[in-house]
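The report below describes one protein chain for a reader who meets it here for the first time. Please keep the sequence and the structure at hand while reading.

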Amino acid sequence: MLPNNFDFAMLAPGNYNLREIGILESTIETIDYSIVSWLKEDLKMSARSNDGFKPVPVLWQAPERAYQIKHNKDLRDDAGALKLPLVSIERTGIIKDPARKGAFQAHYYSKNKNGRSGRWVIAKRIVEDKTRNFAVAGNIRRANYAGGVGRPAAATATITITDYAELNAGDKVNLIATDGTNYDFTQGDQSSVNGTFEATTSNTATATNLMNVINTSNGPAGTRFTATSDGAVVTVTQSTDGSAGNTTITITDSGAAGLSKTNFTGGRSGPQRYFPRVNKKVVIQSLSIPIPVYVNIDYKIIIKTEYQQQMNDLLAPFIARTGQINAFTMKRNGHLYEAFIDQGFAHNNNVGNLSEDTRMYSSEITIKVLGYLIGEGENDDRPIVRIDENVVELTFPSEGPVPEGADDFFLP
């Protein structure tokens, strides 16, 4: 149930820059790309050789040797041997360790109850047009169109001629219209234009004269009132609906009482269709993704050089780049992964071997990456990002007869 007001959710004053962020899948290949990108673009390792101080190639140990020879001819010399220095990287293992769940500790089951993992809501937004439609419809429904209760209505009043013989020249009836203007209807010669009525013959005849003066569109009040007479009683109705028409009638009677009145009553403005109010039927879109599944991936980086100085130059960034810790972060497609460099660096060389083999220095660096998978990759039959809308109203249609006497049941 939504609260009655949303003051608690108001943002504090300030400048806020909103931006859209796309969510891409995180797969094993995404993590592979991130560590290769870290080696090539972040470390940017270079070493000095016979050709000068040049960037060192970084190879992913995936292509077949025949493919590599054909498409990367610059990596080998005329005899087919790899040119040194060289850095290669390969993935050596993947572990799904329940003890290392990363930042997302809980497990969600799918609402479909099929045993698969559930989804994680990462963002919500209000659907403005649908929410506005519910707000407008809710305001309109506040008026009861079936029975007339709450419908706009015009105010009515009565003026009764109690004794026409007691009406003297200058005696008058003052009416106030819904718009706030007031008009005098004075006893005198019968004249609709001047707004005067004649007291003559009988109470009924005098009431008819007063009715005609009020009813005419050429009189002082124009069409602001309508009047009917029944015997000595004149019923006056405001032409404009609204509670503002519930005004007071003022009678000026110089002699004995010849008039009586009841003030205007019964005027209703009806409910305001678009009156500001709290709308609890808020349509919200929820953006969800599969829950992240954390994995530990081991990578082995092998550095091969021909000279000791080259090896020193290439090992230094792995040791000093992270400072006093052995951890760093990698980014790819908006995802962030944590990586940890093993504290031991294994060294090998064949310097002590006096054979005719090419002199080579070799070092191995092990890096453990704490990554996460979002989605099942190409085999996933579910979308990465799914948009759902909440249910704000349940309606059950029913049929029934139109209430008796409700002639305006189908009016808008």
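Of the 412 residues in the chain, 33% are buried, where buried means under 20% relative accessible area, exposed means over 50% and partly exposed lies in between, computed with a 1.4 Å probe on protein chains only. This is a predicted model, in which local features need a pLDDT of at least 70 and side-chain atom pairs count only at pLDDT 80 or more, while totals for chains, interfaces and linings use all residues. Residues are numbered from 1 along each chain as its sequence is written, and side-chain values use heavy atoms, with hydrogens and water left out.

The chain holds five helices and 20 strands; these are DSSP runs numbered from the N terminus, helices being H or I with at least four residues and strands being E with at least two. Among contacts between residues at least 6 apart in sequence, 72% join residues at least 24 apart, a contact meaning heavy atoms within 4.5 Å.

Confidence is given as pLDDT, the predictor's confidence in each residue from 0 to 100. The chain averages a pLDDT of 82, and 81% of the residues score at least 70. Confidence is highest in strand β11 (residues 233–238), with a mean of 96, and lowest in helix α2 (residues 65–71), with a mean of 54. Over residues 143–149 the pLDDT is below 50, although this stretch has 13 contacts in the model beyond near neighbours in sequence. Where pLDDT is low, the predicted coordinates should not be read in detail.

Seven aromatic pairs are found in the whole structure. Rings of Phe, Tyr and Trp (its six-membered ring) pair if their centres lie within 6.5 Å, and planes under 30 degrees apart count as stacked, over 60 as edge-to-face and the rest as tilted. Tyrosine 337 and tyrosine 372 form a tilted pair, because their ring centres are 5.2 Å apart and their planes stand at 45°. This pair links distant parts of the chain, with tyrosine 337 in strand β17 (residues 335–341) and tyrosine 372 in strand β19 (residues 361–373), 35 residues apart. Both tyrosine 337 and tyrosine 372 are buried. Elsewhere, one aromatic cluster is formed by Trp38, Phe318 and Phe328.

Serine 286, in strand β14 (residues 284–290), touches Val121, Ala123, Lys124, Arg386, Ile387 and Asp388, leaving aside residues up to four places away in sequence. Serine 46 and proline 85 are 39 residues apart in sequence, yet their C-alpha atoms are 9.1 Å apart in space.

Lysine 44 lies in the loop between α1 (28–43) and β1 (46–49), and its phi is near 50°, a positive value in a residue other than glycine. Threonine 201, in the loop between β9 (196–197) and α4 (203–215), likewise is a residue other than glycine with a positive phi, near 70°.

| Residue | Relative accessibility | Class |
|---|---|---|
| Serine 286 | 17% | buried |
| Serine 46 | 18% | buried |
| Lysine 44 | 59% | exposed |
| Threonine 201 | 62% | exposed |
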